Amino acid sequence: MSLNKCMIIGNLGRDPEMRYTPSGQAVTQFSVATNRNFRDPQGEWQSETEWFRVVVWADRAERAAEQLRKGHKVYVEGRIQTRQWEDQSGNKRYTTELIADRVTSLERRDREEGAPAFGEPSGGSHSQGGSGEASGSAGPASSAQDYDDLPF
């Protein structure tokens, strides 16, 4: 048995960049920073930032490019993949990416005219079966009242 699954919550380091493959499939890339706070051996608090390169394909790629911006907090779930290629000088290069199955914005929803205030029950369900997620498994521990779930 084996498992390749990665879940991160962090902030976009730059606006998403979308392009299309020669076959016409959308692909969007962006970077996400996660932070870890810990005490060093002397008892002082330290902070460490880890950057993830995220790749999103197809319909999710188009939605990510439209709706996410630099600084947005997101939940990303997917698998880790390392690619290899040769640069122009013939040197082998490697990159490790998180291939996203799910991207959910954790940004607060802007209040629209006639919409309930932040934190109030909306009384309705999302158009995708009420969970607001792109797949059937559970997402991050948050409610639709607290965050605007944007499936990608």
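Here are legends for a few close-up views of this predicted model.

The model is a prediction, with local features taken at pLDDT of at least 70, side-chain atom pairs at pLDDT 80 or more, and totals for chains, interfaces and linings from all residues. Residues count from 1 along each chain as its sequence is written, and side-chain values use heavy atoms, leaving out hydrogens and water.

**View 1. The largest nonpolar core.** This set has 16 residues, and F30, V54, V76 and V103 touch the most other members. Such a core is a set of buried Ala, Val, Leu, Ile, Met, Phe, Trp, Tyr and Cys residues joined through side-chain atoms within 4.5 Å; buried means under 20% relative accessible area, with a 1.4 Å probe and protein chains only. Two or more residues each come from β1 (6–12), β3 (26–39), β4 (45–57), α1 (58–67), β5 (73–86) and β6. Helices here are DSSP runs of H or I, at least four residues, and strands are E runs of at least two, numbered from the N terminus.

**View 2. Who sits around F30.** Leaving aside residues up to four places away in sequence, F30 has contacts that include L12, F52, V54, A64, L68 and V103. Contact means heavy atoms within 4.5 Å.

View 3. Pairing takes at least two DSSP bridges between two strands. C6 is opposite G78, while E86 has K92 as its bridge partner. Five residues separate β5 and β6 in their hairpin, where G90 in the turn has a positive phi of about 85°.

View 4. L106 lies in the segment after β6 (92–105), and counts as buried because its relative accessibility is 11%. G10 is 96 residues away in sequence, yet its C-alpha is 9.3 Å from that of L106.

Methods. Buried < 20%, exposed > 50% of the residue type's maximum accessible area, 1.4 Å probe, protein only.
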